[in-house]
Every structure is written in C-alpha cells, then in structure tokens.
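Dear colleague,

Please find the structure below, together with its sequence.

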Amino acid sequence: MPLQFTTMKIKNNYLALALIIFIAINTNKVIAQTSKTDPKDNQGWFGAKLKLDLPKGWETDLDFQTRFINDLQLYNGSYIAVGAAKKINKTLEIQSDYRLALVQKGTYHRISFGGEATKEIEYFKLGLRLLIQNQLQDFDDELKENQKEGYWRARFETNYAPTDRLDLYVSTEPIMKFGGTRTVDNWRNTAGIKIKLANRMKLNLFYIYRLDYAKVKYDRLFQVIGANIEYSLKIKKGHS
C-alpha cells in the first residue's frame, strides 16, 4: 500500500510539472496584435472566485477576472459575473449567470442559461454542458446603436482527480452564433489543473487554445494562460 501511494504521488507530480511546462512553452512565443496580416495573440486571464454551497441543492458564485491581450502587455478590462445553479438530481443541474464586462471596446452585458449533466467513473468525471447566451454591447457613443448577439455553446469536459488535492481537466467547447456567417463562431480547447491549497481554497491554472472564426476573410487564434483562486464556503441550513 505505501508503495502504491508513493507511485501515485510521483505520477501526480509529473502530470503537474508537464502541464506547467506546456503552458510555459506556449506563452514564450512572440506574437503580435491580432489583425488580418497576423491574426494571432497570446493573452492572460487572472482572477478570483467565491463559491457558496447552499441548502437544498442550490449553489451561487461570484467571479472577478482581469484580462491582458497583445502578448499580455495591454490591459483589456475586467469581468464580473454572478451565477446560480440548482441540482435536479445526482446527474443533472440547471445553471444561469449574469456577466458585466468593462473592456476597451465598451460595456457588455451577458445573460446565460442552460444545464449540465455529469457522470462519475472511479477517478474520472465526465460532463456535458449546454448554454444559451444573450449579449448586449452598450456603446458610450450616442451615435451607435446597442449591439445584441445570441450564442449557444456545448462543452464536453473530462476531470481526473487521483487525490483530493489534485484535479486535472480537459475540455472542448464549440460556440455557435445565432445568425452568424459560419456555423461555429469560435472553439475553445482547455487544459488545466486545480491544486488544493487549503481546506476551502484551490488554485486553478489553465491553458486555452481558442480558434476564432468570427471574421469573414480570415481566422484568428488566441492562446490564453490563466490563474484563478477559488474559495468555497458551505452554508448550513438554519434550525427553526
């Protein structure tokens, strides 16, 4: 038994080290601002998340994130999101959230609604999430009309948690725009690792390979590294 534990611990260390090296290699490239002649960019997303586990299967969270673009040299803005989820049973939950984006191009309001189905198989957890989103861009310029866009997205994710302190995950998610010129507006592929730092706190390190097809005449590629601190708190049901 001690030998098996030691072997598993060594494997976990190698997995974590491999992911960190993988992220470092991808962020070491020199890529210019996205444009028609050079449609690539490296970005950094960093933030914090507070998650509240409520009675009767309810859950809510508050998420704050800052994003840097142009090889992480330019601050693009901040994102604040408030979400809620309700477990229907052991497999299915419904989700919704509101996100406020204060970025260079203006102010964005986004509302999402959908659900996620999950299945656990030993150390693995499989999940399929479907979302419908409505986004409104509120321009500061009075001569511009507000821009409304609708999307639907489907994410398939696999988690592997060999210990209670380590969680590895990969996901792929096509994002489709209603009335868009192409079937898929952009496609996110993500790999990450969550490390338990304390009883209720985790560090989430991730890498996103995002293909963007929103432009008519050329495609774009965004590579993102990110880090989030996640804090969870369980609210117990009060006694009457």
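**Findings**

Threonine 66 is found in strand β2, which covers residues 58-69. Please note that the model is a predicted one. The relative accessibility of threonine 66 is 16%. Because buried means under 20% relative accessible area, threonine 66 counts as buried. Leaving aside neighbours within four places in sequence, threonine 66 is in contact with Gly44, Trp45 and Phe46, and also with Tyr75, Gly77 and Ser78.

In β11, glycine 226 is the bridge partner of tryptophan 45. Strand β1 (residues 40-53) and β11 run parallel and are joined by 14 bridges.

How many strands make up the closed barrel? The barrel has eleven strands, running in the order β1-β2-β3-β4-β5-β6-β7-β8-β9-β10-β11, and their pairing is mixed. From one strand to the next, the twist averages 20°.

Leu50, Leu62, Phe64, Ile80, Val82 and Tyr231 make a nonpolar surface patch of about 480 Å². Strands β2 and β3 (74-87) are the elements that give two or more residues to this patch.

The place of tyrosine 231 is in strand β11, which spans residues 220-234.

With kind regards

Definitions and conventions: Residues numbered from 1 in each chain as written. Predicted model: local features only at pLDDT ≥ 70, side-chain atom pairs only at ≥ 80, totals over all residues. Heavy atoms only, no water. Helix = DSSP H or I, 4+ residues; strand = E, 2+ residues; numbered from the N terminus. Buried < 20%, exposed > 50% of the residue type's maximum accessible area, 1.4 Å probe, protein only. Contact = heavy atoms within 4.5 Å. Patch = residues over 30% accessible without salt bridge, like charges linked within 9 Å, V, L, I, M, F, W, Y side chains within 5 Å. Areas by Shrake-Rupley, 256 points an atom, 1.4 Å probe, with all protein chains shown as cover. Salt bridge = Lys/Arg side-chain N within 4 Å of Asp/Glu carboxyl O. Pairing = 2+ DSSP bridges. Axes fitted to C-alpha atoms, helices over the stretch in contact; angles between N-to-C directions.
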